[in-house]
Structure formats: C-alpha cells, structure tokens
Amino acid sequence: MKDRLIKLHNVSFAYPFGGRVLSGVDLELNAGERVGLVGPNGGGKTTLLHLIVGLISCTEGELWAFGRPRRTEPDFAEVRASAGLLFQDPDDQLFCPTVVEDVAFGPLNLGKTADEARAIVADTLDLLGLAGYQNRITHKLSLGKKRLVSLATVLAMQPQVLLLDEPDAGLDEETEARIVNILAELPLAMIIVSHSRSFLAQITTRAVDLRNATLSPFDLGRPVAI
Amino acid sequence: MVCDTFSQHDSTIHRLDPRARIIVAFAFAVLLAISTSILVPSIGVAVALGAMAAARLPLAATAKRLAGVNCFLLILLVFLPLIASGPCLFRIGPVGYSREGFLQAARISLRCNAILLTFTALLSTMETSTLGHALSHLRLPQKLVHLFLFTVRYIDVLHHESARLRRAMKVRCFRPGANARTFRTIGYLAGMLLVRAHDRSMRIMDAMKCRGFRGRFHVLTHFTATQQDVVFVLASLTVILVLAWMEIR
C-alpha cells in the first residue's frame with residue numbers, strides 16, 4: 001500500500017461536446033513501475049495524463065496520488081510538484097527564452113533560491129548530456145534537443161513520477177535511443193504514452209491499452225495493432 | 001523569423017550593461033520625438049551614426065532594415081509639401097511645393113531615422129531575451145515584460161504554423177487572386193491561426209501550471225553595472241541635455 005503512488009478508481013470522463021473518453025477506468029502506479037499506455041489516436045491517453053495532474057477533472061470516480069485522495073486545485077498543485085508531465089509538443093512545454101530559464105522555472109516556483117535552481121539546472125543538463133546548452137535560445141533548438149530540454153524541465157522538479165506523452169514522437173533513431181537510455185536508467189515510476197511497441201518494450205515493466213474508453217492489459221510482445 | 005543577428009557581434013556597445021543602453025535609447029528617443037527644430041534631429045542622426053559605428057553594425061544589413069521606413073518617408077517628402085500651406089519653393093504647373101511642408105517632412109524623416117538608428121545600435125545589439133530581462137530590472141510592469149517575451153518566443157512558432165497552412169494550400173493547387181474564394185480562403189487561414197494560437201496558449205498555461213506556476217515569474221538573469229556603464233550613461237545624458245537646451249533656446 002505504501003508503495004502506491006497513483007491510483008485511479010472507477011474514473012470516467014467525457015468532453016462537453018464529445019463522446020465519453022474514459023469509462024470506469026482503474027489504474028495503479030506503484031514505486032519502480034513503468035507503465036506503457038497504448039491506444040488509438042483520440043482514445044483518451046493524453047486526457048488520462050491530464051486527469052492525473054488535475055488539468056481537467058474527472059466526471060466520476062476517485063483519484064489518489066501520493067497517499068491522499070485528490071479533488072481540489074490545491075490538492076493537484078501538490079501532485080504537480082511530484083508528478084512531472086512531459087507534453088507531446090515541446091513548443092508547448094518550453095516557453096522561456098533560454099534553456100537555463102526554462103529548466104529553472106519549476107525549481108524556482110517550488111521555492112528554490114536562484115543559486116539552488118542554477119545548480120539543479122547544471123546537474124539536470126549534465127544528466128541528459130546537454131551541458132553547455134544553458135544559454136541557448138529554446139525556439140532555435142532542433143526537435144530532438146527540444147524534447148531533451150523538455151525532459152530536463154520536468155526532471156529539474158525532482159519528481160517521484162514521470163508522465164510522458166509520446167516522448168519518442170518525431171525523433172530520429174539516435175535521439176530515440178538516447179531517450180530510451182536516459183529513461184531506462186531513471187529510478188522513477190512512469191506512465192509512458194507511445195505508439196511504438198519497440199520503444200515501450202525497452203523501458204516499461206507492463207503496458208495497458210486504452211480502447212473504447214476502458215483500460216485492459218496489453219502484451220507488448222504480441223503483434224497487436226495499436 | 002525572429003532575427004537578432006546584430007546581437008551576435010562584439011563591440012564596445014555590445015559589452016555595455018543592457019539597462020544603461022535602454023535608458024539612453026529611451027531618453028534620446030523622447031527628446032527627438034518632441035523636438036520641433038531641424039538642427040536637433042540632424043545632430044541626432046549624426047550621433048546615432050556614431051553609435052552605429054561604435055556598435056560595428058554591418059552597413060548593408062542596417063541600410064536594408066531602414067529601407068522600408070525610408071520608402072514611406074520618401075512618399076511623405078514628395079506629397080506633404082504639396083498639401084501644406086506657406087511660401088513655395090517651386091511650382092509644378094498649378095501645384096506649389098511648400099517650403100514649410102518640405103521642412104516638416106524633412107524633420108519627420110530625420111527624427112525617424114535618428115530614433116531607428118539609435119535603437120538599432122543600442123537595442124538590437126542585445127538578445128531579445130536580454131532586452132526583456134533588462135526591462136524587468138528597470139521596473140517595467142511584469143505583465144508587459146512577459147507579454148513581450150512570450151511574443152518573441154511564440155511569433156516564430158506561429159510563423160511556422162502559418163507557413164505550414166500556406167504549404168497545405170499550395171500543394172492543393174491554391175492560387176490566390178482577387179476573388180471571393182481567395183478572400184474566404186485567407187479568412188480560413190487567419191481563423192485557423194487564431195484558433196491554433198488560442199489552443200496553444202491553453203496548452204502552455206497547462207505546462208506552466210504543471211511546473212508550479214502561481215502567477216509569479218522569477219528572474220534568473222542579473223546585471224552588474226561597471227564604471228564603463230556609468231561613464232556611458234553620464235556622457236550620453238550630457239549630450240541629450242545639451243540637445244534639449246538647444247531645442248528650448
């Protein structure tokens with residue numbers, strides 16, 4: 001019980017003018033677990049991640065995170081400090097002019113001093129092989145580098161859980177391999193959304209399929225169309 | 001699309017504290033904007049050219065930047081004297097070319113060029129992000145600073161989105177013309193850009209919330225003024241005061 005980080009119980013969600021994307025979904029994420037999340041486009045994978053950090057609220061069901069039920073905005077502000085969400089499009093994630101400011105944005109919001117934030121930035125960029133990128137202009141980076149810097153912005157908050165929304169989308173083989181190596185070595189629980197079974201097979205400990213608004217176990221070894 | 005190529009060079013001006021450059025550029029621009037004589041803007045152009053030389057700006061690239069504005073000013077020089085009253089310099093048939101109108105257009109042109117050259121020499125020689133941070137340190141309202149920084153950050157993204165939409169139109173053989181279909185299509189393009197910009201702004205807000213944003217930005221960049229900066233500000237303000245005295249004399 002004490003290892004359980006995230007728990008969704010009977011969670012449902014429907015967009016106001018769309019169909020129901022989640023219906024009675026149950027999901028648990030325990031410490032050390034890396035869960036792959038697959039499913040068709042528009043199936044609700046991103047919605048599920050956004051629900052976990054409270055960017056949208058579920059219409060039914062209960063969400064527990066880090067040992068407590070979470071319902072209100074202050075509850076979810078706490079969740080976001082411990083569950084880092086990587087957005088699908090790095091241009092949504094990187095909004096500061098320079099890399100150092102973007103990576104330091106989260107730690108500064110969490111109350112770190114400028115010097116502490118700078119030290120965290122240096123360590124995080126080192127970890128991702130981005131040393132020397134501090135003063136680079138974010139919008140001038142390549143997609144691969146933007147993706148790595150986006151990951152740095154999330155890791156700089158020193159989260160317990162990573163929620164990664166298609167971290168491999170649009171990357172070349174070399175950058176994808178680099179991201180696989182980095183993620184595989186991180187001692188964090190993760191939920192990773194991807195359409196690539198080979199990518200997920202290298203990182204995750206289990207996978208689930210979100211289809212027709214419900215979750216079911218998914219075997220990454222079997223040739224099942226996603 | 002966001003071009004800050006002048007900031008990549010190195011010169012005495014580049015090494016000055018950005019805050020000092022902003023203060024001087026602003027004070028100089030205000031003086032030039034309110035000047036009514038022709039002498040002060042003329043000296044202003046000379047001073048601005050000096051600043052440009054000190055910033056070692058490439059002549060051709062700077063001239064290219066000024067060309068657009070000067071085309072407009074040329075139109076002003078041609079047409080303003082034709083509609084202004086006062087004694088004529090010369091006549092073309094029934095139309096008189098007013099001396100007062102010509103002087104007025106010349107004043108506007110000189111003021112405009114002096115301000116543009118000063119801003120090019122002092123402000124475009126710093127990265128746009130540095131400009132934003134320096135403005136923040138000069139106590140400009142935070143909302144304006146962040147509006148500026150967000151614009152710089154996302155204008156490129158919107159430009160690429162616009163280019164993508166235009167390409168999508170082009171590959172389906174769209175040829176713009178002066179017809180209702182073209183206007184409707186351009187309307188779709190503008191509408192789609194607005195919708196996408198709105199959607200993106202919502203996603204960015206979500207990304208900021210996910211990283212603990214609670215309405216306050218923390219500035220990480222700090223500047224230190226050196227003796228050289230103090231000398232630069234004092235010397236520049238002296239020149240500005242002398243010009244102001246010449247203006248009110």
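This is a predicted model: local features need pLDDT of at least 70, side-chain atom pairs count only at pLDDT 80 or more; totals for chains, interfaces and linings use all residues.
Biologist: Over how many bridges do β9(A) and β10(A) pair?

Modeller: Two strands pair if DSSP finds at least two bridges between them. Strand β9 (residues 206-211) of chain A pairs with β10(A) in the antiparallel sense, and the number of bridges is five.

Biologist: Which are the edge strands of the open sheet in chain A?

Modeller: The sheet has six strands with mixed pairing, in the order β6-β7-β8-β3-β9-β10. An edge strand here pairs on one side only, which identifies β6 (83-86) and β10 (214-218) of chain A.

Biologist: What angle does the direction of helix α1(A) make with that of β7(A)?

Modeller: Contact means heavy atoms within 4.5 Å, and angles run from 0 to 180 degrees between N-to-C directions of axes fitted to C-alpha atoms, for helices over the stretch in contact. Helix α1 (residues 45-52) of chain A packs on the sheet, touching β3, β6, β7, β8 and β9 of chain A. Its direction makes with that of β7(A) an angle of about 150°.

Biologist: Why are α4(A) and α5(A) described as oblique to each other?

Modeller: Angles under 35 degrees count as roughly parallel, over 145 as roughly antiparallel, 65 to 115 as roughly perpendicular and the rest as oblique. Helices α4 (residues 99-109) and α5 (residues 114-127) of chain A have axes 9 Å apart and pack at about 120°. The pair α4(A) and α5(A) is therefore oblique.

Biologist: Is B:Ser35 buried or exposed?

Modeller: B:Ser35 lies in the loop between α2 (18-34) and α3 (39-54) of chain B. Not counting residues up to four places away in sequence, B:Ser35 touches B:Val40, B:Pro41, B:Arg111 and B:Glu247. Under 20% relative accessible area counts as buried, over 50% as exposed and in between as partly exposed (1.4 Å probe, protein chains only). With a relative accessible area of 1%, B:Ser35 is buried.

Definitions and conventions: Residues are numbered from 1 along each chain as its sequence is written. Chains are lettered from A and ligands numbered from 1 in the order in which they are written. Side-chain values use heavy atoms; hydrogens and water are left out. Helices (H or I, at least four residues) and strands (E, at least two) are DSSP runs, numbered from the N terminus.
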